[in-house]
Structures are given as structure tokens and as C-alpha cells.
Amino acid sequence: MPASRPLRADARRNREALLSAARQAFLGGDTDAHVEEIARSAGVAVGTLYRHFETREALIEEVYRKEVDDLCAAPGDLLHQHAPEEALRRFLLLLVDHAAVGKGMSVALESIMATDSPVFDDARTRMGDAFTQLLDAASAAGTVRDDITGPTLLRALGGICAMRVTEGWLDEARQITTVLLDGLRHVAPRAS
């Protein structure tokens, strides 16, 4: 839909229902969900789906973008409610838990990985910025080291979450995330 014209209330509801139905399908592990099934689950016709999203891949991108939006909003809320180190801990574990339920979403995303979609670069940048916000606050509070960047921490967490193909990985991933946070608490040695 063109961004210049705001959606009517019913069109906005339909779009949100489609995004919600697609999210539930992908996060629920139905990685092969057809647009017809998603439209039916949203209570709209397939034509309505295609008026909002030209392709299934465009729908997947938008679901993913919305997931990233929600995750990137969390650091501000967490910093408002908790001390910086606790906010960082909670965000790390939130992302591990999100990876657990997002297994189906990652499979769905594979369909757009071969495209020239900027969605992944944008997500990496935004998630790195979210980590930077938390690291800066915790570093200013003197509770974590100041030589680790948000993108570096994101890559470390990505390595942890890549284990999700193994049975029982979630408990182990939470433990490794705790070890990662412990490592962030130690001051880096000064170069001589």
C-alpha cells in the first residue's frame, strides 16, 4: 500500500489481522503456511491479503519487521523499570526466549534471504543499537565493561541462539547467556 495515503479503519484492522495470523502461523512452526490459510485465519479474502502485501515474502518481511520493532522497543522500557545491568540481563534472555518461539519464523525468513531485501541489514543495525543503548547505560553505571559494542554483543548472542537446532538447547542457551553477562561484568585488561 502506498505510504502517502493513510489506511481506512477497516483496512488497518484487516492488515493487523493478517500480520497477527501470519505471525501466529510462523511462530507456531507452520513455516509452509499458504497465503490462503493466513487470509482465512485472519477472516479476510486472499485478495485483501494481496492488496496489503504483494507477495508472501512481503508478508514475511513485514511480520519480521514488526517483531524487530517490538524487540527494539524493549530496552527503553527495561531501563525505565530496572537498573541498567538487570535491564541488559533481561533483554539478553528475552532474545533467547524469542529465538525459541521464533524457530518457525527463522525458517519462513529463509524464503527472503536470497532476495535483495534490506530487512536483515536494518534489523542487525537496529538490534545492535538496542544493545548499545543497554551497554552504554550499564557501562555508565559502572556495572559492565565499556569495550564491547552492541553489534559485537548481538553477534555473540546470535551464536548462542544458533544452537537451537539441538534438543534441549534453551536451558543451555540461558546458561551460556548468563556466562556471557558474567564476562561483561569483568573489566577488560589495560593494554600496556
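In the predicted model, helix H8 presents Leu153, Ala156, Leu157, Ile160 and Cys161 to helix H9, where the partners are Trp169, Ala173, Ile176, Thr177, Leu180 and Leu184. By class, ten residues of this contact are nonpolar and one is polar, with no charged residue. H8 spans residues 150–161 and H9 spans residues 169–185; the two pack at an angle of about 155°, and their axes are 9 Å apart. Because angles over 145 degrees count as roughly antiparallel, H8 is roughly antiparallel to H9. The crossing of the two helices is right-handed.

On the H4 side, the contact comprises Glu61, Tyr64, Arg65, Val68, Asp69, Leu71, Cys72, Pro75, Gly76 and Leu79. On the H7 side, it comprises Val119, Phe120, Ala123, Arg126, Met127, Ala130, Gln133, Leu134 and Ala137. The residues of the H4 and H7 contact divide into 13 nonpolar, two polar and four charged.

The largest nonpolar core contains 32 residues, and Leu88, Phe91, Met127, Phe131 and Leu157 have the most contacts inside it. At least two residues of this core come from each of H4 (56–81), H5 (84–101), H7 (119–140), H8 and H9. The greatest contribution is that of H7, which supplies nine residues. Among the residues with the most contacts in the core, Met127 also takes part in the contact of H7 with H4, and Leu157 in that of H8 with H9.

For Leu88, when neighbours within four places in sequence are left aside, the contacts are Phe131, Leu134, Leu135, Val144, Leu153, Leu181 and Leu184. Of these partners, Leu134 belongs to the H7 side of the contact with H4, while Leu153 and Leu184 belong to the contact of H8 with H9.

Arg15 is located in helix H1, which covers residues 9–27. The relative accessible area of Arg15 is 17%; since buried means under 20%, Arg15 is classed as buried. With residues up to four places away in sequence not counted, Arg15 touches Leu7, His52, Phe53 and Glu62.

Methods. Residues are numbered from 1 along each chain as its sequence is written. This is a predicted model: local features need pLDDT of at least 70, side-chain atom pairs count only at pLDDT 80 or more; totals for chains, interfaces and linings use all residues. Side-chain values use heavy atoms; hydrogens and water are left out. Axes are lines fitted to C-alpha atoms, for helices over the stretch in contact, and angles run from 0 to 180 degrees between N-to-C directions. Helices (H or I, at least four residues) and strands (E, at least two) are DSSP runs, numbered from the N terminus. Angles under 35 degrees count as roughly parallel, over 145 as roughly antiparallel, 65 to 115 as roughly perpendicular and the rest as oblique. A crossing is left-handed if the near helix is turned anticlockwise from the far one by less than a right angle, and right-handed if clockwise. Contact means heavy atoms within 4.5 Å. Ala, Val, Leu, Ile, Met, Phe, Trp, Tyr, Cys and Pro count as nonpolar, Asp, Glu, Lys and Arg as charged, and the others, Gly among them, as polar. A nonpolar core is a set of buried Ala, Val, Leu, Ile, Met, Phe, Trp, Tyr and Cys residues joined through side-chain atoms within 4.5 Å. Buried means under 20% relative accessible area, exposed over 50%, partly exposed in between (1.4 Å probe, protein chains only).
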